[in-house]
Amino acid sequence: MTAQVGSVAPAFSLMDQDRNVVNLDDFAGRKSVIVFIPFPFTGICDGEGCALRDNLAPLSGLGADVVVVTCHAVQINKKWADENGFAFPVLSDFWPHGTVATEYGAFNETVGVSNRMSFVLDTDGVVRTIIDSGSLGTAREMAEYIDALGEID
């Protein structure tokens, strides 16, 4: 079963760009935004990552942690995060390839990457909002995150 609004988000344990293991439980007690992206080093993904970077203070002000998940190797995520100054974890769902994205219902079987989907969780790890751009070529809007987080008590 994939993640759905009202369900507890699937647990994960993935390595970040600095080779630290990050678990969903690490965000317990805070709101979370889990952002799946398809292609680091592309215009849309770079833009979305930089928008998250530039809006970390407002997101944190709403009580939220941000994590980005890609189906790329740690080394790729490290270079991407360093070049863009990302202060949030960029997690590698590389092997087994796309397992976490699949559990969330975000894996694109045709292309072998994550679809452009985000999951906004409340402090108990329950999915409150799913933001799906509907296309690999369409960016999500920062206002969607702000609105979704603002709706959580």
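Buried means a relative accessible area under 20%, exposed means over 50%, and partly exposed lies in between, with a 1.4 Å probe and protein chains only. The model shown here is predicted, and local features need pLDDT of at least 70, side-chain atom pairs count only at pLDDT 80 or more, and totals for chains, interfaces and linings use all residues. Residues are numbered from 1 along each chain as its sequence is written, and side-chain values use heavy atoms, with hydrogens and water left out.

**View 1. Glu 48 and Arg 116 meet in a salt bridge.** A salt bridge is a side-chain nitrogen of Lys or Arg within 4 Å of a carboxyl oxygen of Asp or Glu, and for this pair the N to O distance is 2.7 Å. Because Arg 116 lies in the loop between strand 7 (113-114) and strand 8 (117-121) while Glu 48 belongs to helix 1 (residues 43-54), the pair ties together parts that are 68 residues apart in sequence. Helices (H or I, at least four residues) and strands (E, at least two) are DSSP runs, numbered from the N terminus. Arg 116 is buried, with a relative accessible area of 2%, and Glu 48 is buried, at 7%.

**View 2. Glu 48 also meets Arg 140 in a salt bridge, at 2.7 Å from N to O.** This pair links distant parts of the chain, 92 residues apart, with Glu 48 in helix 1 and Arg 140 in the loop between strand 9 (127-132) and helix 5 (142-150). Both Glu 48 and Arg 140 are buried.

**View 3. Lys 79 and Glu 83 form a salt bridge (2.7 Å, N to O).** The two residues are 4 apart in helix 3 (residues 74-84), so about one helical turn separates them. Lys 79 is partly exposed, with a relative accessible area of 47%.
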